Amino acid sequence: MSPSFTAVNYSLRPSKTIQRALVFEGLRKIQEYIGWKNAVYVGFGSIWFTDFLMAHKNLRISKMISMEASSIGYKRAEFNRPYSFVRLEAGLSFDVLPRLFDEESLRRRPWIIWLDYDKELGEDEIDEIRGAVDKAPDNSALLVTFDASGKRYGENRLQQAERLKQLFGVLAPTRIERADNRDLAFGELMATLTSEMILSAATKIARFGGCVPAFKIVYRDKATMVTVGAILPNIRNRERIRSCVEQSDWPGLAKEPVVAPHLTSKEVAVLQAGDPQKPVAFTRSW
């Protein structure tokens, strides 16, 4: 299977552009509560580094690590690396992340981890997410994006229900209702299950500061995609984070799926500019 960057420029997908704007507006609000001056940003920069650019511009983060499994992608990422402080790691995230968690210097920093998968969730991804919940330092943020199209999980409702049981265990519904079988509705179901799984993983290991679900966005470009995420605070910051997420203007919990029309280059530029007000205005108008 060819790397996704050979087919899609992820920086130009309109609904994903809005999704990124909502995520970074939320992260910016969290930063006002707990700092993140020394945070490390970990993700999949690919050859575009769009979210890395936004993380540096919006959050002033200057410690970044991009994981790249493709050997060709790695060489292209080296060429396209936007900042000298972006560190590239070759290999699958399933192998790279455990090594990063073991680095002493990184363990003393909060992380913003964005596992932006370009495929459906499988057992490896579930294990990786649980591992991140277990190992991420206090005051870290964990974000996960994946393909939540129903057809990725089975040809019919019976197959989908069985697949969700394999992935989520007791959290999965015993059956998929007809209304939940439609693509965006299935995406909402997948978002809820994944968010519950992250919370359950934090509860199971008794994270000292707990877990605050903070992001749940369903959006559609060529496929139905989901972004969910949580903050893993220390005890001192837990209630601050809860109060932030519970505010009426919190952008991370989208009330409706984001389905955007094609954008002009000027509209894309505004959304990527990091203005905390304009992205919300765009999404409400759609």
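Helices here are DSSP runs of H or I with at least four residues, numbered from the N terminus. Thr194 is found in one of them, helix H8. The model is predicted, so local features need pLDDT of at least 70 and side-chain atom pairs count only at pLDDT 80 or more, while totals for chains, interfaces and linings use all residues. Residues are numbered from 1 along each chain as its sequence is written, and side-chain values use heavy atoms, leaving out hydrogens and water.

Let's stay with Thr194 for a moment. Is Thr194 buried or exposed? Thr194 counts as buried because its relative accessibility is 0%, where buried means under 20% relative accessible area (1.4 Å probe, protein chains only). A polar atom of the Thr194 side chain lies 2.8 Å from the backbone oxygen of Met190. Leaving aside residues up to four places away in sequence, Thr194 touches Leu121, Phe146, Phe168 and Val228, with contact meaning heavy atoms within 4.5 Å.

Now follow H8 (residues 183-204) to its meeting with helix H6 (residues 123-135): their axes, lines fitted to C-alpha atoms over the stretch in contact, come within 9 Å and cross at roughly 45°. On the H6 side, the contact is made by Ile126, Ile129, Arg130 and Val133, and on the H8 side by Met197, Ile198, Ala201 and Ala202.

Finally, look at helix H2 (residues 50-59), which is mostly covered, with seven of its ten residues buried. Those buried residues are Thr50, Asp51, Phe52, Met54, Ala55, Asn58 and Leu59. Just after H2, you can find Arg60, which takes a positive phi of about 60°.

Conventions. Axes fitted to C-alpha atoms, helices over the stretch in contact; angles between N-to-C directions. Helix = DSSP H or I, 4+ residues; strand = E, 2+ residues; numbered from the N terminus. Buried < 20%, exposed > 50% of the residue type's maximum accessible area, 1.4 Å probe, protein only. Polar contact = N/O pair within 3.5 Å; in protein donor to acceptor, adjacent residues only side chain to side chain.
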